[in-house]
Amino acid sequence: MFSYYPRSAAEFLIVAEALLAILSLPSAPAALVARVQGALEALARAYVDAVANHRAGISAQDAARAARDVADTACDRKGMAFIQAVKYREGGEAVLSELRQSWGGEAPNLLFARPDADQVATLDRFFALTDARADLSLPKNAYEEFKAAHAARDTLSAAVKTAERAFAPAYRFFIRELLFNEGEDTVRDNLPRFER
């Protein structure tokens with residue numbers, strides 16, 4: 001059994017690259033090329049570019065991690081600096097206790113020792129809850145630096161998700177329309193399919 005519809009990020013990349021390749025193939029049917037050009041081409045190119053940027057970011061991140069995980073360490077340091085500023089300058093132990101509940105109640109060193117994915121989810125929740133509170137006295141600069149360091153870890157990944165959300169429905173519609181108007185032979189002979 002096979003499907004023309006991609007499910008995973010890897011499959012979406014395969015179809016986006018295949019669509020862009022069709023545009024430069026002299027043997028590609030003219031009707032297929034005409035259907036790919038325009039909005040679908042732009043969405044495919046945006047998705048491929050977002051994945052390439054994400055991979056470049058991951059490669060840079062991997063290199064940084066090989067050199068003692070620079071980006072994560074910077075975020076952890078900003079977080080600890082913020083926590084120290086709260087504890088010793090702004091609100092004391094009472095405010096720190098309030099903030100601690102926002103990240104699950106554990107000690108800060110345990111929070112920052114968590115794996116990245118878990119830490120990101122916890123800190124997303126922490127920032128949302130903290131931003132909603134106007135009654136806390138916080139060291140604004142330390143808080144904003146901590147928040148910015150945390151956000152930097154998510155930017156490239158979010159760009160890929162946004163591009164995929166735009167590309168996926170357009171590609172599904174393209175396949176349905178192509179099957180209906182050009183027939184399965186054109187789809188089978190020119191586009192990727194995936195075993196299910």
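The legends below describe close-up views of a predicted model. Local features need pLDDT of at least 70 and side-chain atom pairs count only at pLDDT 80 or more, while totals for chains, interfaces and linings use all residues. Residues are numbered from 1 along each chain as its sequence is written, and side-chain values use heavy atoms, with hydrogens and water left out.

**View 1. Helix α1 covers residues 9-22.** Helices are DSSP runs (H or I, at least four residues), numbered from the N terminus. The 14 residues of α1 reach 20 Å from first C-alpha to last, close to the 20 Å expected at 1.5 Å a residue; the expected span is 1.5 Å times one less than the number of residues. Buried residues (under 20% relative accessible area, 1.4 Å probe, protein chains only) in α1 include F12, V15 and L19.

**View 2. The largest nonpolar core has 29 residues.** Such a core is a set of buried Ala, Val, Leu, Ile, Met, Phe, Trp, Tyr and Cys residues joined through side-chain atoms within 4.5 Å. Helix α9 gives the largest share of this core, 8 residues. Y171, one of the residues with the most contacts inside the core, is in contact (heavy atoms within 4.5 Å) with V15, L19 and L191, among others, leaving aside neighbours within four places in sequence.

**View 3. E164 is found in helix α9.** E164 counts as buried because its relative accessibility is 14%. The side chains of E164 and Y47 are joined by a polar contact of 3.2 Å. A polar contact is a pair of N or O atoms within 3.5 Å; within protein, one must be able to donate a hydrogen and the other to accept it, and residues adjacent in sequence count only if both atoms are side-chain atoms.

Definitions and conventions: Helices (H or I, at least four residues) and strands (E, at least two) are DSSP runs, numbered from the N terminus. Buried means under 20% relative accessible area, exposed over 50%, partly exposed in between (1.4 Å probe, protein chains only).
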